[in-house]
Amino acid sequence: MRRGALLLVLAAALTAWGIRDRRGDVPDLDGLWLASDAPAGGSTEPEAAPAILHPGPPAPAAEPQPETMPSVQGARRPLYPGHPRRLVTGGCCTGAWWSADGARLLYVDRPSDSPVAALWGVPVWPPGANPEVVDASAGYSAGAPRFTARPAGDFRVVRNLESGEEWPLPTGGDPVLLAPDGQRAVWWDARGGREGVDAMINIHGSDAFGRSPRLLTSLWGANVVGFLPDQRRVVAIGRPIKERALYAAVTLDVDTGELAEIASGPWLSDALLSPDGRWIAYLTSLDRNRPERNGIWVAPVDDPSHDTPRRMDFVGAYRWRRSGQLLYVPMASSDAADSIWQYDAATGADTRLVGPEAGIRIAGNDWSAAPDGGSVAWLDAADRNLWVIDLPD
Amino acid sequence: MRAPAPRRVAPARVLAATVVVAATAAAALRGPEALERSARAPARDGVVARLHAQAKPFGLPFAEPPGPATWYVSQPYGNTAYAFFERRSLYGAGQGLHMGIDLATACGTVVVAIGDGVVRSVDGPGGAPPHNLAIDHPEGYVSFYGHLLERPAVQPGQSVRRGDPVALSGDMYATCTESPHLHLEIRDPTMGRAFNPVDFVDADWNRLLLLGAAPKPFVRDLDDPRRWQAVDDQPAIQFGGPLLNDYARSWPQGDG
């Protein structure tokens, strides 16, 4: 019964698109669009790309059979692996991120008919859902998905998107990350430019309201990656010695300042924590003398003596999907479209989840995995809109 | 695995695209400003952007393929967050924007000429210490290579061919441990304007950016947050002109 109703919704959406297309209008799809039924080129613009540039998938032989998967909050929605859907029109939304429940994508935008920029959200499901203003303050993600933070002089104003509560944090104007449970905060002198990249960076911690702040550590060119699931420690990267290009990834205890090294390497960067905090992926580079030290690595966060960092066979962009499952998009490919692969840190298995036939072309490495790992969203290089594709398990 | 999608190219689109390519080629013959106009407007359209790419006159400045062991894009041209924070200092002369593309690479990496041309200057004007090189190209542009390790061995007036080794990359602080990269610019013959190298260097730039865990950030003007947010949608720079990114409200925020 449920499947039948969903197919009816899908059929209605496709029919609506077809009617508009036959009218010869510039299709205004009010959001979601199934790429498999789109004109080749993946855009609604009349002069848009022919297939050679953004081919999109072939029309399926039969209607896709939806799979279902529990989201992080237990709700269920149909999944259509291998079939890209466009969520928005107008080329609006670089740097989007997922809401905590995975139900929508959030981004800062100011459509032409809006007086000010705001935080917008577009539902991933059902088809055709329109973007809506989520928060008029245009705040940006503050680490945990339910918090945003916006600059206000020497403060960051933190907002709880679920309760509407907001409060200032005396960060000196620097960006802040909140623990997912909202109990602790860290901020660092990320002033950008040379000050951010090449300077000694101080990392501070406190409770969520900025009380009892303490200097946790100082590292050259430091950056804070995020909180671990214990809500007490953060992972940071930086180099201890200015004159050496050897960076370290460390854990920092916000309460005690205790520091422990996870891994180190030349120009270690792009560190990313797995959702369960057990693994870290990172990039090391530019060591001409010992090329075996360059590459993308996966290492356990705790107990490094138990397992050593493993160098990946791929070169590309990566995001965590679920515990130990690293998604990646290879940089080098002879295909016109991008592919999405999965590396399983526990088994070492390497699996292609989405092939070039899906027609994905990611703009500027702007893509992300849903909190439940069931989907990937990306900014499309051809039409600069947000798209989403469901992944097979 | 399914077979590739059949190409469905409407004849009118092919004709339109052909016209665009022809117009672009013609613009290239007319000089920087014409090509700039032709390049910027269509950059929002994937078809035209790709077709335009076919007409790009230059190649990459390294012989080796990209990767962690060789080179990768570390900062795009234009409205980058890095340049925004330095808009009143390091990038003030370039209207607050990053005047070129930074390609991270170890000190001593061989830099090759991106096109046929004649060496214009060695350690001449243009900044990007400790050493730099400028090459005049017959298409009407100048390629500029900055943060070189040592004074390039080529001489002004010397002819070079695309792919010829012309310099060694270095570090902007001359340490090789703080910021080793090549800074590549495309300028007009007066050296007074800089253009987005993405519009001139024939490469799949979106794919070159597919390395690591996050996008390279552009700063947002919260009064116009869609503007200048893509590697292939950036304004030309008039050296000495007013700041283009002195936004009243921005994200990230910074005094610069």
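A residue counts as buried when its relative accessible area is under 20%, as exposed when that area is over 50%, and as partly exposed in between, using a 1.4 Å probe and protein chains only. By that rule Asp270(A) is buried, with a relative accessible area of 19%. This is a predicted model, in which local features need pLDDT of at least 70 and side-chain atom pairs count only at pLDDT 80 or more, while totals for chains, interfaces and linings use all residues. Residues are numbered from 1 along each chain as its sequence is written, chains are lettered from A and ligands numbered from 1 in the order in which they are written, and side-chain values use heavy atoms, with hydrogens and water left out.

**Backbone geometry**

- Asp270(A) has a positive phi of about 55° although it is not a glycine, and this residue lies in strand 20 (residues 269–273) of chain A, where strands (E, at least two residues) and helices (H or I, at least four) are DSSP runs numbered from the N terminus.
- Ala174(B), also a residue other than glycine, has a positive phi near 60°; Ala174(B) sits in the loop between strand 9 (170–171) and strand 10 of chain B and is exposed, with a relative accessible area of 56%.
- The peptide bond between Trp125(A) and Pro126(A) is cis, with omega about 10°, and Pro126(A) belongs to the loop between strand 7 (118–123) and strand 8 of chain A.
- In chain B, a cis peptide bond with omega of about 10° joins Pro129(B) and Pro130(B), and Pro130(B) is placed in the loop between strand 4 (117–122) and strand 5 (133–137).

**Strand pairing in chain A**

- Strand 14 (residues 184–188) of chain A is mostly covered, since five of its five residues are buried; Arg184(A), Val186(A) and Trp188(A) point one way, and Ala185(A) and Trp187(A) the other way.
- In a regular strand the side chains alternate between the two faces of the sheet.
- Strand 13 (residues 176–178) of chain A runs antiparallel to strand 14 of chain A and is joined to it by three bridges, two strands being paired if DSSP finds at least two bridges between them.
- These two strands form a hairpin with five residues between them, and Gly182(A) in the turn has a positive phi of about 75°.
- Strand 14 of chain A also pairs in the antiparallel sense with strand 15 (residues 200–207) of chain A over five bridges, and there Ala185(A) has Ser206(A) as its bridge partner.

- Ser143(B), in strand 6 (residues 141–146) of chain B, is buried, with a relative accessible area of 0%.
- The side chain of Ser143(B) makes polar contacts (pairs of N or O atoms within 3.5 Å; within protein, one must be able to donate a hydrogen and the other to accept it, and residues adjacent in sequence count only if both atoms are side-chain atoms) with the side chains of His137(B) at 2.6 Å and Tyr145(B) at 2.9 Å.
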